[in-house]
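This report goes through one chain, from its overall form to single residues. Please look at the sequence and the structure before reading on.

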Amino acid sequence: MNRWLRPEVYPLFAAMGVAVGICGFQLVRNICINPDVRVSKENRAAGVLENFTEGQKYSEHFLRKYVRNKSPEIMPSINSFFSDPEKN
């Protein structure tokens with residue numbers, strides 16, 4: 001048992017734990033609130049629904065609304081420092 005629990009393995013456990021957590025979160029999110037996923041028999045019998053407002057609400061979640069007007073840069077101040085010689 002001691003040969004598997006070396007300190008070098010802890011980052012691997014952490015990375016795998018994060019990956020499994022993200023997968024689990026996405027699975028639960030899709031099963032619980034996705035308008036296209038129907039778990040109960042009554043909802044499956046309804047067939048294809050034209051629920052555009054519910055689909056729009058699902059796809060436009062908080063994170064997407066927050067990131068929409070942000071610049072796609074990780075460090076904008078460093079990028080502008082190196083790319084804009086006039087500001088320096």
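What percentage of the 88 residues in the chain do buried residues make up? The share is 6%. The model is a predicted one, and every value below is computed from it.

## Fold and dimensions

The chain holds 5 helices and 0 strands. Followed along the sequence, its pattern reads α-α-α-α-α.

The radius of gyration of the chain is 22 Å, whereas a compact globule of 88 residues would have a value near 12 Å. Along the principal axes, the C-alpha atoms fill a box of roughly 65 × 55 × 15 Å.

## Surface and charge

About 8300 Å² of the chain is accessible surface, and carbon and sulfur atoms account for 64% of that area. Side chains with charge number 12 positive and 9 negative. The centres of these two sets are 9 Å apart.

By the distance rule of a side-chain nitrogen of Lys or Arg within 4 Å of a carboxyl oxygen of Asp or Glu, the count is 1 salt bridge. Glutamate 60 and arginine 68 form a salt bridge through their side chains, with an N to O distance of 2.4 Å.

## Residues of helix H1

Helix H1 covers residues 10-33, and isoleucine 22 has its place there. With a relative accessible area of 54%, isoleucine 22 is exposed because the value is over 50%. Isoleucine 22 and aspartate 84 are 62 residues apart along the chain, and 38 Å separates their C-alpha atoms.

Asparagine 30 also lies in helix H1. Its relative accessible area is 24%, so asparagine 30 belongs to the partly exposed class, between the limits of 20% and 50%. From the C-alpha atom of asparagine 30 to that of methionine 16, 14 residues away along the chain, the separation is 21 Å.

## Summary

The predicted model has 5 helices and 0 strands, with a radius of gyration of 22 Å. Buried residues make up 6% of the chain.

Methods
Residues numbered from 1 in each chain as written. Predicted model: local features only at pLDDT ≥ 70, side-chain atom pairs only at ≥ 80, totals over all residues. Heavy atoms only, no water. Helix = DSSP H or I, 4+ residues; strand = E, 2+ residues; numbered from the N terminus. Rg over C-alpha atoms; globule rule 2.2 N^0.38 Å. Buried < 20%, exposed > 50% of the residue type's maximum accessible area, 1.4 Å probe, protein only. Areas by Shrake-Rupley, 256 points an atom, 1.4 Å probe, with all protein chains shown as cover. Lys, Arg positive; Asp, Glu negative; His and termini not counted. Charge placed at Lys NZ, Arg CZ, Asp CG, Glu CD.
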